[in-house]
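Work through the exercises below with the model open. Try each task before reading its solution.

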Amino acid sequence: MSAGGAPMPTTPNPAVSFPAPRVTLPVGPDILRTYSGAFVCLEILFGGLVWILVSSSNVPLPLLQGWVMFVSVTAFFFSLLFLCVFLSGIVNRIDANWNFLDFGYHFVVFVFYFGAFLLEAAATSLHNLKCNVTLNVQPLLNDNQYNINVAATIFAFVTTACYGCSLALALRRWRP
(Lines give C-alpha, C1' and ligand atoms only; values in the text may rest on other atoms or scores of the structure.)
Protein backbone atom coordinates (compact mmCIF):
# COMPACT_ATOMS: atom_id res chain seq x y z
CA MET A 1 0.00 0.00 0.00
CA SER A 2 1.14 3.48 -0.68
CA ALA A 3 0.98 6.35 1.78
CA GLY A 4 -2.45 7.45 0.44
CA GLY A 5 -4.00 4.05 1.13
CA ALA A 6 -4.48 3.12 -2.53
CA PRO A 7 -2.81 -0.08 -3.76
CA MET A 8 0.14 0.35 -6.11
CA PRO A 9 -0.54 -0.78 -9.68
CA THR A 10 1.38 -3.87 -10.63
CA THR A 11 3.35 -3.99 -13.84
CA PRO A 12 2.27 -6.79 -16.13
CA ASN A 13 4.64 -9.69 -16.59
CA PRO A 14 5.71 -9.70 -20.26
CA ALA A 15 5.73 -13.48 -20.33
CA VAL A 16 2.08 -13.52 -19.34
CA SER A 17 1.07 -10.66 -21.64
CA PHE A 18 1.90 -12.44 -24.88
CA PRO A 19 0.21 -15.68 -25.85
CA ALA A 20 2.32 -18.73 -26.51
CA PRO A 21 3.10 -19.37 -30.18
CA ARG A 22 0.53 -21.47 -31.93
CA VAL A 23 1.07 -24.48 -34.10
CA THR A 24 -1.94 -24.73 -36.35
CA LEU A 25 -0.70 -27.72 -38.32
CA PRO A 26 -1.54 -31.10 -36.84
CA VAL A 27 1.27 -33.11 -35.32
CA GLY A 28 2.05 -36.73 -36.06
CA PRO A 29 0.69 -38.70 -39.00
CA ASP A 30 -2.30 -36.34 -39.16
CA ILE A 31 -0.13 -33.79 -40.96
CA LEU A 32 -0.18 -36.05 -44.00
CA ARG A 33 -3.95 -35.54 -44.23
CA THR A 34 -3.59 -31.78 -44.74
CA TYR A 35 -2.84 -29.88 -47.92
CA SER A 36 0.38 -28.57 -46.36
CA GLY A 37 1.57 -32.07 -45.55
CA ALA A 38 0.72 -33.25 -49.05
CA PHE A 39 2.63 -30.34 -50.60
CA VAL A 40 5.68 -31.04 -48.42
CA CYS A 41 5.62 -34.67 -49.60
CA LEU A 42 5.37 -33.49 -53.22
CA GLU A 43 8.24 -31.03 -52.63
CA ILE A 44 10.40 -33.90 -51.38
CA LEU A 45 9.41 -36.18 -54.27
CA PHE A 46 9.81 -33.67 -57.11
CA GLY A 47 12.86 -32.01 -55.52
CA GLY A 48 14.53 -35.41 -55.37
CA LEU A 49 13.73 -35.92 -59.05
CA VAL A 50 15.32 -32.57 -59.92
CA TRP A 51 18.40 -33.55 -57.95
CA ILE A 52 18.64 -36.94 -59.68
CA LEU A 53 17.99 -35.60 -63.18
CA VAL A 54 20.48 -32.75 -62.97
CA SER A 55 23.20 -35.00 -61.59
CA SER A 56 22.54 -37.61 -64.28
CA SER A 57 23.02 -35.05 -67.05
CA ASN A 58 26.76 -34.95 -66.23
CA VAL A 59 26.36 -31.23 -65.35
CA PRO A 60 27.70 -29.72 -68.61
CA LEU A 61 27.32 -26.18 -67.23
CA PRO A 62 28.69 -26.34 -63.68
CA LEU A 63 28.20 -22.65 -62.94
CA LEU A 64 24.48 -22.75 -63.71
CA GLN A 65 23.64 -26.27 -62.71
CA GLY A 66 25.81 -26.21 -59.60
CA TRP A 67 23.37 -23.74 -58.06
CA VAL A 68 20.44 -25.90 -59.16
CA MET A 69 22.07 -28.91 -57.46
CA PHE A 70 22.78 -26.93 -54.28
CA VAL A 71 19.22 -25.63 -54.02
CA SER A 72 17.58 -28.97 -54.83
CA VAL A 73 19.72 -30.99 -52.41
CA THR A 74 19.47 -28.44 -49.59
CA ALA A 75 15.71 -27.98 -50.02
CA PHE A 76 15.23 -31.75 -50.21
CA PHE A 77 16.95 -32.34 -46.87
CA PHE A 78 15.35 -29.37 -45.10
CA SER A 79 11.87 -30.35 -46.33
CA LEU A 80 12.52 -33.88 -45.13
CA LEU A 81 13.65 -32.50 -41.77
CA PHE A 82 10.59 -30.23 -41.62
CA LEU A 83 8.28 -33.17 -42.25
CA CYS A 84 10.08 -35.37 -39.70
CA VAL A 85 9.82 -32.66 -37.03
CA PHE A 86 6.05 -32.54 -37.47
CA LEU A 87 5.66 -36.31 -37.81
CA SER A 88 7.63 -36.99 -34.63
CA GLY A 89 5.84 -34.32 -32.58
CA ILE A 90 8.98 -32.37 -31.71
CA VAL A 91 7.13 -29.13 -32.48
CA ASN A 92 5.26 -29.52 -29.19
CA ARG A 93 8.55 -29.61 -27.26
CA ILE A 94 10.26 -26.64 -28.92
CA ASP A 95 8.86 -23.25 -27.96
CA ALA A 96 8.94 -21.38 -31.26
CA ASN A 97 6.49 -19.66 -33.54
CA TRP A 98 6.10 -22.55 -35.96
CA ASN A 99 3.64 -20.70 -38.15
CA PHE A 100 6.21 -17.97 -38.81
CA LEU A 101 9.03 -20.51 -39.25
CA ASP A 102 6.88 -22.38 -41.77
CA PHE A 103 6.20 -19.16 -43.68
CA GLY A 104 9.83 -17.99 -43.55
CA TYR A 105 11.20 -21.36 -44.66
CA HIS A 106 8.82 -21.70 -47.60
CA PHE A 107 9.41 -18.08 -48.66
CA VAL A 108 13.20 -18.50 -48.78
CA VAL A 109 13.04 -21.86 -50.53
CA PHE A 110 10.45 -20.59 -53.03
CA VAL A 111 12.72 -17.68 -54.01
CA PHE A 112 15.79 -19.93 -54.29
CA TYR A 113 13.93 -22.63 -56.21
CA PHE A 114 12.47 -20.08 -58.60
CA GLY A 115 16.01 -18.91 -59.37
CA ALA A 116 17.18 -22.50 -59.74
CA PHE A 117 14.30 -23.20 -62.14
CA LEU A 118 15.29 -20.19 -64.26
CA LEU A 119 18.93 -21.30 -64.33
CA GLU A 120 18.00 -24.84 -65.29
CA ALA A 121 15.76 -23.50 -68.06
CA ALA A 122 18.64 -21.30 -69.25
CA ALA A 123 21.02 -24.26 -69.25
CA THR A 124 18.51 -26.31 -71.23
CA SER A 125 17.99 -23.53 -73.76
CA LEU A 126 21.69 -23.66 -74.68
CA HIS A 127 21.16 -27.00 -76.41
CA ASN A 128 22.34 -25.82 -79.83
CA LEU A 129 25.33 -23.85 -78.58
CA LYS A 130 28.39 -25.14 -80.40
CA CYS A 131 31.59 -25.82 -78.44
CA ASN A 132 35.08 -26.37 -79.79
CA VAL A 133 36.28 -29.62 -78.23
CA THR A 134 39.72 -30.66 -79.50
CA LEU A 135 39.11 -29.20 -82.96
CA ASN A 136 35.69 -30.88 -83.23
CA VAL A 137 32.72 -28.57 -83.02
CA GLN A 138 30.02 -30.29 -80.99
CA PRO A 139 26.79 -29.13 -79.40
CA LEU A 140 27.02 -28.33 -75.70
CA LEU A 141 24.33 -30.88 -74.84
CA ASN A 142 23.85 -34.10 -76.74
CA ASP A 143 20.29 -35.29 -77.30
CA ASN A 144 20.23 -37.50 -74.20
CA GLN A 145 21.50 -34.70 -71.94
CA TYR A 146 19.04 -32.30 -73.55
CA ASN A 147 16.10 -34.62 -72.80
CA ILE A 148 17.27 -35.07 -69.20
CA ASN A 149 17.61 -31.30 -68.78
CA VAL A 150 14.13 -30.73 -70.20
CA ALA A 151 12.72 -33.17 -67.64
CA ALA A 152 14.75 -31.48 -64.88
CA THR A 153 13.39 -28.09 -65.95
CA ILE A 154 9.80 -29.36 -65.86
CA PHE A 155 10.24 -30.93 -62.43
CA ALA A 156 12.01 -27.80 -61.15
CA PHE A 157 8.96 -25.79 -62.24
CA VAL A 158 6.57 -28.25 -60.57
CA THR A 159 8.66 -28.17 -57.38
CA THR A 160 8.67 -24.38 -57.45
CA ALA A 161 4.89 -24.41 -57.82
CA CYS A 162 4.60 -26.78 -54.83
CA TYR A 163 6.75 -24.47 -52.72
CA GLY A 164 4.59 -21.54 -53.87
CA CYS A 165 1.42 -23.34 -52.78
CA SER A 166 3.02 -24.19 -49.43
CA LEU A 167 4.01 -20.55 -49.08
CA ALA A 168 0.43 -19.41 -49.70
CA LEU A 169 -0.92 -21.89 -47.14
CA ALA A 170 1.74 -20.87 -44.61
CA LEU A 171 0.85 -17.21 -45.12
CA ARG A 172 -2.82 -17.99 -44.40
CA ARG A 173 -1.84 -19.77 -41.17
CA TRP A 174 0.60 -17.08 -40.09
CA ARG A 175 -1.75 -14.14 -40.78
CA PRO A 176 -5.30 -15.47 -40.30
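## Exercises on helix packing, surface and charge pairs

What covers the buried residues of helix 3? Helix 2 (35-56), helix 4 (98-125) and helix 5 (143-174) are among the elements that do. Contact here means heavy atoms within 4.5 Å. Helices are DSSP runs (H or I, at least four residues), and strands are E runs of at least two, numbered from the N terminus.

This is a predicted model: local features need pLDDT of at least 70, side-chain atom pairs count only at pLDDT 80 or more, and totals for chains, interfaces and linings use all residues. Residues are numbered from 1 along each chain as its sequence is written, and side-chain values use heavy atoms, leaving out hydrogens and water.

**Exercise 1. Check the length of helix 3 against its residue count.**

Step 1. Helix 3 covers residues 62-88, which is 27 residues. Step 2. The expected span is 1.5 Å times one less than the number of residues, so helix 3 should span 39 Å. Step 3. The end C-alpha atoms are 37 Å apart, which agrees. Step 4.

**Exercise 2. List buried residues of helix 3.**

Step 1. Apply the cut-offs: buried is under 20% relative accessible area, exposed is over 50%, and partly exposed is in between (1.4 Å probe, protein chains only). Step 2. The buried residues include Val68, Val71, Ser72, Ala75, Ser79, Phe82 and Phe86. Step 3. Recall the geometry: an α-helix has 3.6 residues a turn, so residues three or four places apart point the same way.

**Exercise 3. Find which helix gives the most to the nonpolar patch.**

Step 1. Trp67, Phe70, Phe107, Val108, Val111 and Phe112 make a nonpolar surface patch of about 540 Å². Step 2. Helix 3 and helix 4 each supply at least two residues. Step 3. Helix 4 gives the most, with four. Step 4. Phe107 sits in helix 4; its relative accessibility is 43%, so Phe107 counts as partly exposed.

**Exercise 4. Locate the two salt bridges.**

Step 1. Search for a side-chain nitrogen of Lys or Arg within 4 Å of a carboxyl oxygen of Asp or Glu. Step 2. Arg33 pairs with Asp30, the closest N and O atoms being 2.6 Å apart. Arg33 is exposed at 69%, while Asp30 is partly exposed at 36%. Step 3. Asp102 and Arg173 form a salt bridge at 2.2 Å, N to O. Asp102 lies in helix 4 and Arg173 in helix 5, so the pair ties together parts 71 residues apart in sequence. Step 4. Asp102 is buried at 2%, and Arg173 is buried at 14%.

Definitions and conventions. Patch = residues over 30% accessible without salt bridge, like charges linked within 9 Å, V, L, I, M, F, W, Y side chains within 5 Å. Areas by Shrake-Rupley, 256 points an atom, 1.4 Å probe, with all protein chains shown as cover.
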